[in-house]
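Student: Please walk me through reading a model like this. I would like to start with the fold and finish with the charges.

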Amino acid sequence: MKKRNLEKSIHTDLSRDDDYTGYLHLDSLLGAQIPLSNPPHHDEMLFIIQHQVAELWIKLVIHEIGGAIRHLRCEQLQQAVKNLARVRHVQNQLYNQWKVLDTLTPAEYSEFRHVFGKASGLQSAQYRILEFTLGNKSRGTMAVYQHQPEWYARLKVALESPSLYEEFLLHLERTGMPIPAEFKTRDFSKMRDEDDEVIAVLRTIYENRADYWAQYEMCETLVDIGNNFQFWRFHHMKTVERIIGHKRGSGGSSGVPFLKKALEIEFFPELLTVRTEIGD
């Protein structure tokens with residue numbers, strides 16, 4: 001076997017303040033996997049890491065969407081699309097994670113499921129912020145976070161701010177496209193109905209994409225993100241069904257039936273509706 005010697009230029013005079021472990025806070029990060037089963041059940045580590053890694057990826061998605069929104073507010077559409085292209089790749093990572101959790105069998109999961117009590121992914125504040133940011137607004141879900149004042153405050157901001165899609169529509173209005181004027185003063189904490197005038201604007205973009213290429217690219221990027229989210233939801237539902245069947249969820253939901261209902265929710269329905277009208 002070939003041997004590689006340590007190059008003389010490689011730093012060895014390191015402290016915990018300037019090395020890899022210190023920069024990434026690995027002591028804290030790798031010390032955060034604490035199984036509750038006693039004795040520790042082998043597969044609980046998989047379950048914990050699966051959900052912790054998902055939270056890290058969701059944190060990055062929220063970060064990138066926040067960057068896209070800031071670019072939209074500065075009329076920097078192409079830069080916003082760049083942020084969202086990264087989101088699509090992160091979504092692939094989130095989707096593929098389910099394949100790892102799929103290796104957990106019902107018998108294995110049943111041996112440690114009881115240890116985390118009422119804890120459930122349904123309670124993820126980051127996931128809820130992401131849903132709000134993508135347009136699935138629901139003030140009723142805020143009740144889950146009343147015991148977490150810092151997260152509650154962040155959720156309230158996300159609930160009451162324009163979603164990513166609404167920021168795009170506001171950008172279109174500012175750049176001269178006929179988005180209804182009352183759109184700017186609406187209550188952004190509420191779900192909005194589809195609007196024929198907005199659909200007409202989207203149709204103009206799609207049928208004249210040479211003139212509106214950046215806007216067209218943004219529309220297709222949003223559709224990709226919406227579809228990826230649905231794929232993720234579907235695989236989540238099938239993974240839950242595979243592992244616990246039709247038991248109730250640990251957070252009190254009906255489990256699989258509750259997750260199936262989420263598949264009926266589209267983030268950007270006008271971008272789907274316009275497809276029916278294009279070319280007619």
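Tutor: This is a predicted model: local features need pLDDT of at least 70, side-chain atom pairs count only at pLDDT 80 or more, and totals for chains, interfaces and linings use all residues. Residues are numbered from 1 along each chain as its sequence is written, and side-chain values use heavy atoms, without hydrogens and water.

Student: How many helices and strands does the protein have?

Tutor: Helices (H or I, at least four residues) and strands (E, at least two) are DSSP runs, numbered from the N terminus. Here there are 12 helices and zero strands.

Student: What share of the residues is buried?

Tutor: Buried means under 20% relative accessible area, exposed over 50%, partly exposed in between (1.4 Å probe, Shrake-Rupley method, protein chains only). Of the 280 residues in the protein, 41% are buried.

Student: Which side chain of opposite charge is nearest to D102?

Tutor: Lys and Arg count as positive, Asp and Glu as negative; His and the chain ends are not counted. A salt bridge is a Lys or Arg side-chain nitrogen within 4 Å of an Asp or Glu carboxyl oxygen. D102 sits in the loop between α4 (77–101) and α5 (106–110). D102 is buried without a salt bridge, and R242 is the nearest opposite charge, at 4.8 Å. Contact means heavy atoms within 4.5 Å. Beyond its neighbours within four places in sequence, D102 contacts H235, T239 and R242.

Student: Where does E194 lie?

Tutor: In the loop between α8 (164–174) and α9 (196–207). E194 counts as partly exposed because its relative accessibility is 41%.
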